[in-house]
Amino acid sequence: RTTNGTTSTASPFWPIGMSPAALASALPCISGVGSARGQTRTTHARRHPRSALASMTDPAVSTSGGSAKPAKVAVFVSGGGSNLRAIHAATVGQGGFVNAEVVAVVSNLPNCGGVVWAAENDIPTLVYPPKKGEEGLTPAELVEQLKGVHAADYVLLAGYLRLIPAELCRAYADAMLNIHPALLPAFGGKGMHGHYVHEAVVASGARCSGPTVHFVNEEFDKGKIVAQRVVPVLPDDSADDVAAKVLQEEHKVFAHVLAALVDGRIVFRADGVPYIVGLDGVRE
């Protein structure tokens, strides 16, 4: 609850299981207040390396509505691939708003729904890591395939259930995003994925949940948060109810963040925390 701009942790509606930092990140989404309010200003912000501030004049850098060549994106999946399909549908080649194209799909499960869908849509697929005794790539081969063969500019983890190798983290520093189905830093870490997350949210008594998009480092769910969306968790909601609400927001926010990334509209504060600059110039 907020009163005169201050948050009361004594409120019975404080989201149980959510840290103050996580709630603070979520509050603008809950209240509908634009990011221009309450945002710490800094004169030392840096833009994503793809753009620098020169993106406004450099024709080689993607900008929304411009004619720059679409960025190439590799998507990692371990399941049905609904986020993969949503990202693909949002790209410019499909009539969407994201100046990107999906050039490869990577999975640890070569027969999962996301891989099957990719094959049906003529998108190359790769296996990492392979099961023992089966064909697949080593970490070094994975980097070579993505960087050298498919020339992927960015990597998206869309329901991928394996830890990313250090080699790939280094190759795609500040260029690899994950989507997590809860409001990090709450309900994250090893083993917290899929339905386990939503069950934990309901069991905790948290009054809200939602997806988090963050940069990827060598630890599960520890990268810097870029964006979050919030959905209510009602007293009689089941884990399935929460999952359905969160998934709807995942499909929207992941494409939103990718669009900002390829446009060079993600800016880093002096302390390394990223934020998005909207097309209207408002910071999110």
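## Close-up views of a predicted model

View 1. Ala-255 is buried, its relative accessible area being 2% (buried is under 20% relative accessible area, exposed over 50%, and partly exposed in between, with a 1.4 Å probe and protein chains only). This is a predicted model, in which local features need pLDDT of at least 70 and side-chain atom pairs count only at pLDDT 80 or more, while totals for chains, interfaces and linings use all residues. Residues are numbered from 1 along each chain as its sequence is written, and side-chain values use heavy atoms, with hydrogens and water left out. Ala-255 sits in helix H7 (helices are DSSP runs of H or I with at least four residues, strands are runs of E with at least two, and both are numbered from the N terminus). Which residues touch Ala-255, leaving aside its neighbours within four places in sequence? They are Ile-87, Ala-90, Phe-97 and Val-98, a contact being heavy atoms within 4.5 Å. Look for Ala-86 as well: 169 residues separate it from Ala-255 in sequence, yet the two C-alpha atoms are 7.6 Å apart.

**View 2. The buried side of helix H4.** Helix H4 spans residues 139–149, and its buried residues are Leu-142, Val-143 and Leu-146. Why do they lie on the same side of H4? Because they cover an arc of only 95 degrees around the axis, where the arc is that of the directions from the helix axis to the C-beta atoms. Their cover includes strands E4 (71–77), E5 (100–107), E6 (125–127) and E7 (154–157), together with helix H5 (166–171). Just after H4, you can find Ala-151 with a positive phi of about 50 degrees.

**View 3. The second largest pocket.** The second largest pocket holds about 720 Å³ of space. Pockets are found on a 1 Å grid over the protein atoms alone, as open sets of points with protein on both sides within 12 Å along at least five of seven lines, and lining residues have an atom within 4 Å of a point; a set where a 1.4 Å probe fits but cannot get out is a cavity instead. Grid points are joined across faces, edges and corners, and the volume is the space filled by probe spheres set on the points. The lining of this pocket has 36 residues, with Gly-159, Tyr-160, Leu-161, His-193 and Gly-194 nearest the centre. Two or more lining residues come from each of helix H2 (82–90), strand E8 (176–180), helix H6 (194–204) and helix H7 (239–263). H7 contributes the most, with four residues.

View 4. Tyr-128 and Pro-129 are joined by a cis peptide bond with omega about -15 degrees. Pro-129 belongs to the loop between E6 and H4. From Leu-184 to Pro-185 the peptide bond is also cis, and omega is near 10 degrees. Pro-185 is in the loop between E8 and H6.

View 5. Asp-174, a residue other than glycine, has a positive phi near 60 degrees. It lies in the loop between H5 and E8 and is partly exposed, at a relative accessible area of 25%. Phe-187 is not a glycine either, and its phi is positive at about 55 degrees.
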